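Subject: Structure for you to look at

Hello,

Please find the structure below, followed by what was found in it. Keep it open while you read.

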Number of protein chains: 2
Amino acid sequence: MALNTDTTHDASLQSWLESANDPATDFPIQNLPFGRFRREDDDGLCIGVAIGDQVLDLRRVGLVQNAQMNQLMRLPREARQILRQAISEGLRQGSAQEGKFRAALVPQSEVKMGLPCEIGDYTDFYTSIHHATTVGKQFRPDNPLLPNYKWVPIGYHGRASSIFASGHSFPRPLGQTKSPDAEIPTFGPCRRLDYELELGIFISRPNIAGDRIPMSSAEEHVFGISLFNDWSARDIQGWEYQPLGPFLSKNFASTLSPWIVTMDALEPFRKAFAHPPGDPQPLPYLDSPANREGGAIDIELEVWLQTPAMKADDSPGERLMTSNYADAYWTVAQMVAHHTANGCNLRAGDLFGSGTLSGPDVGQGGSLLELSDGGKKPVKLANGEARTFLEDGDTVILRGYCRREGFRRIGFGECRGTVAPARP
Amino acid sequence: MALNTDTTHDASLQSWLESANDPATDFPIQNLPFGRFRREDDDGLCIGVAIGDQVLDLRRVGLVQNAQMNQLMRLPREARQILRQAISEGLRQGSAQEGKFRAALVPQSEVKMGLPCEIGDYTDFYTSIHHATTVGKQFRPDNPLLPNYKWVPIGYHGRASSIFASGHSFPRPLGQTKSPDAEIPTFGPCRRLDYELELGIFISRPNIAGDRIPMSSAEEHVFGISLFNDWSARDIQGWEYQPLGPFLSKNFASTLSPWIVTMDALEPFRKAFAHPPGDPQPLPYLDSPANREGGAIDIELEVWLQTPAMKADDSPGERLMTSNYADAYWTVAQMVAHHTANGCNLRAGDLFGSGTLSGPDVGQGGSLLELSDGGKKPVKLANGEARTFLEDGDTVILRGYCRREGFRRIGFGECRGTVAPARP
């Protein structure tokens with residue numbers, strides 16, 4: 001569906017729900033992200049759409065039959081667009097269905113959000129060249145950016161079982177570490193605990209094993225995007241990661257924001273994509289006219305830190321950095337085409353992490369490892385505190401939003417997780 | 001349940017089913033492995049136990065209510081042992097339940113075996129020091145065995161969606177490769193396609209996220225063991241694997257044998273475990289008296305190759321090598337304790353690959369990469385053919401069995417997969 005026949009992005013659209021028209025809301029009628037929620041008095045998960053400060057229960061308006069989000073996700077893109085149109089029309093000012101839709105609202109403050117779907121396989125990519133270069137310097141000072149980086153959308157498999165919904169806390173992980181000057185490793189609580197600012201990309205239509213997904217149809221296999229925190233234990237990572245990659249340094253916990261912003265909602269925020277002049281052009285299986293014209297997405301990202309002292313002061317925390325997804329070196333379509341180039345089968349609900357989305361400038365590192373230069377320069381906070389890595393009780397909050405002249409702001413909500421003390 | 005109160009291993013036990021008493025069968029009454037099968041005339045999966053040349057339908061004898069293997073797997077070990085005892089007693093010569101059990105048999109030749117369970121997360125370990133050393137020499141001639149190997153049971157996450165049941169075929173994968181002397185990489189069919197001889201270890205009882213599983217109870221969380229082929233595209237692997245590990249070189253296909261041999265069936269074949277003299281002893285979180293006494297398992301393993309020419313000659317193929325699981329550097333219990341040392345939550349049905357199980361001697365490489373010395377020395381076959389890597393139409397068959405004086409031979413069946421030509 002081309003943008004010109006799709007009215008769901010029209011900035012003049014207003015909802016009969018007042019909070020959806022607030023310019024500051026993440027969830028205007030132009031957004032309509034999907035998630036799974038649980039009412040306070042009920043154990044079951046329901047499929048909902050965020051609108052202003054409310055959740056629309058899709059079953060109560062008759063738009064879904066059950067709570068199987070993965071079934072909804074695997075619908076063809078056309079069917080998902082028809083669903084989006086129906087939700088948009090029901091929520092618009094003057095809709096004849098206002099009564100039915102209003103009866104299906106529940107305040108966001110009265111629900112508990114779960115993971116948005118059942119995640120089958122989770123793959124983490126490494127699409128920020130700024131992150132890869134800065135971190136590469138710390139693990140391999142002589143060889144920061146490996147020769148394959150500008151050719152291969154580097155990715156690796158991660159752990160699905162330990163991906164948690166926003167708002168959780170997890171104990172500081174224990175693990176085996178070895179400092180460079182020590183003779184033997186020791187086992188104990190992680191001392192270099194970090195976050196990673198990422199986006200989570202959800203697969204919709206599966207492909208049959210053995211069948212590649214070409215660039216031309218790659219985005220038909222994508223449902224939408226959330227915020228994703230890939231917590232990382234840097235001291236465990238440094239000792240374990242060769243030769244087969246990160247493992248226990250990552251799989252103790254990851255955090256997803258509750259709302260999946262659909263590719264349709266993001267349509268107005270697409271940007272041209274190209275590798276910098278002088279860099280290799282993508283191989284043909286990673287290239288398409290559509291990707292060059294609009295493969296990138298302009299999503300502004302923020303990391304916030306709320307320390308125990310800030311909580312005691314009722315402070316919402318301090319913003320540590322900002323970056324933009326449009327600075328990534330590989331696009332969503334390239335991730336899909338690369339992942340299936342060998343015939344690997346994707347399934348509805350599979351999750352891709354974008355990799356840490358650091359920006360090109362100093363201060364745009366998407367992790368404390370980058371901001372503190374490997375722990376050497378503490379990050380000074382406005383209240384006088386400082387951090388090289390995370391301390392017990394720290395809460396990390398990721399935020400993201402899209403802005404463009406002539407369009408309503410589209411927000412991602414927040415992705416929030418807290419470090420609890422290590423268990424004895 | 002200690003061996004002396006458990007009668008299910010008694011070599012004198014005979015079944016009223018004649019084929020189960022054949023000394024050559026993989027599935028005597030002392031084995032009783034679990035799998036999921038589908039009748040020719042039926043679409044649904046059922047839980048079955050292999051006995052001789054038959055499958056016992058557990059629902060038809062009233063021992064399970066449904067086909068949810070993962071529910072059965074997550075039962076406490078005591079409950080699984082009671083189930084094993086009940087199956088054993090029903091199949092014994094003289095059993096009062098012979099009629100009921102006989103009515104629940106279906107010939108193995110008349111069923112199609114599926115994957116034994118729903119696999120949530122799949123982790124591949126790297127527990128053979130012989131494999132790690134030989135392969136390390138090829139990827140890093142100066143640095144074959146990395147300093148962490150003797151301290152850390154190295155593992156990494158793999159892809160669950162592309163694990164297939166024995167008997168399948170898959171197209172040769174395409175991918176990005178770069179030869180050392182080429183200036184830029186190219187995209188095309190893999191030219192160094194390989195197998196890896198592994199065992200698949202299935203998790204039973206889950207742990208709660210944040211809770212570690214100590215060595216003392218690690219095996220209570222293990223259901224049993226199958227054969228596993230971790231097909232590998234060596235040319236793709238060489239170009240993609242740094243810095244985050246293997247990805248598209250592995251996730252196009254893996255193959256599992258249909259029957260899970262339970263830890264209870266393997267009890268008589270346990271062996272003492274120790275690192276070689278002079279090597280570091282395992283850190284305390286990877287050590288226990290029980291692991292030292294019986295952490296290893298004596299499982300003899302074989303790889304067979306059946307080329308298209310052999311198929312044309314009605315040959316069952318040629319055995320390429322043998323090795324033994326008891327030569328692994330890390331045990332099943334150590335894999336479980338390490339994987340959860342950081343609080344990572346395991347779920348029933350999760351799969352661990354052992355890593356390629358090469359033996360200490362020349363000719364005991366568990367992959368063609370090893371047997372052909374990185375493709376430099378073709379492996380000569382008895383019919384005059386030779387292989388450096390796999391060719392289209394090649395079938396690889398893994399076999400495994402346990403033997404010990406005074407006990408019946410316990411077999412694993414076979415794990416079989418075939419390379420189809422690359423798709424255009």
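Asp264(A) and Arg77(A) form a salt bridge, with their closest N and O atoms 3.1 Å apart; a salt bridge here is a side-chain nitrogen of Lys or Arg within 4 Å of a carboxyl oxygen of Asp or Glu. This is a predicted model, in which local features need pLDDT of at least 70 and side-chain atom pairs count only at pLDDT 80 or more, while totals for chains, interfaces and linings use all residues. Residues are numbered from 1 along each chain as its sequence is written, chains are lettered from A and ligands numbered from 1 in the order in which they are written, and side-chain values use heavy atoms, with hydrogens and water left out.

The domains of chain A

Chain A is assigned domain 1 (3-113) and domain 2 (122-420); such bounds come from an automatic or database domain assignment. The C-alpha centres of these two domains of chain A are 27 Å apart. Between them there are three salt bridges. In domain 1 of chain A, 32 residues are in contact (heavy atoms within 4.5 Å) with 30 residues of domain 2 of chain A. The two domains bury about 2700 Å² between them, with 58% of it on carbon and sulfur atoms. Buried area is the accessible area (1.4 Å probe) that two parts lose on being put together, summed over both.

The two chains

How many residues of chain A are in contact with chain B? There are 58, and they meet 58 residues of chain B. Arg159(A), Leu244(A) and Phe247(A) supply 15% of the area that chain A buries against chain B, more than any other three residues. In total, about 5400 Å² is buried between chain A and chain B, and carbon and sulfur atoms give 60% of that. Six salt bridges cross this interface. Asp350(A) forms a salt bridge with Arg159(B), where the closest N and O atoms are 2.6 Å apart.

Because 100% of the interface residues of chain A are also interface residues in chain B, the copies meet through the same surface. Chain A is superposed on chain B by a rotation of 180° with 0.0 Å of shift along its axis (RMSD 0.0 Å). The two copies are therefore related as by a two-fold rotation axis. The superposition is by least squares on the C-alpha atoms of residues with pLDDT of at least 70 in both copies. Of the residues of chain A, Gly245(A) comes closest to the rotation axis, its C-alpha being at 2.1 Å.

Regards
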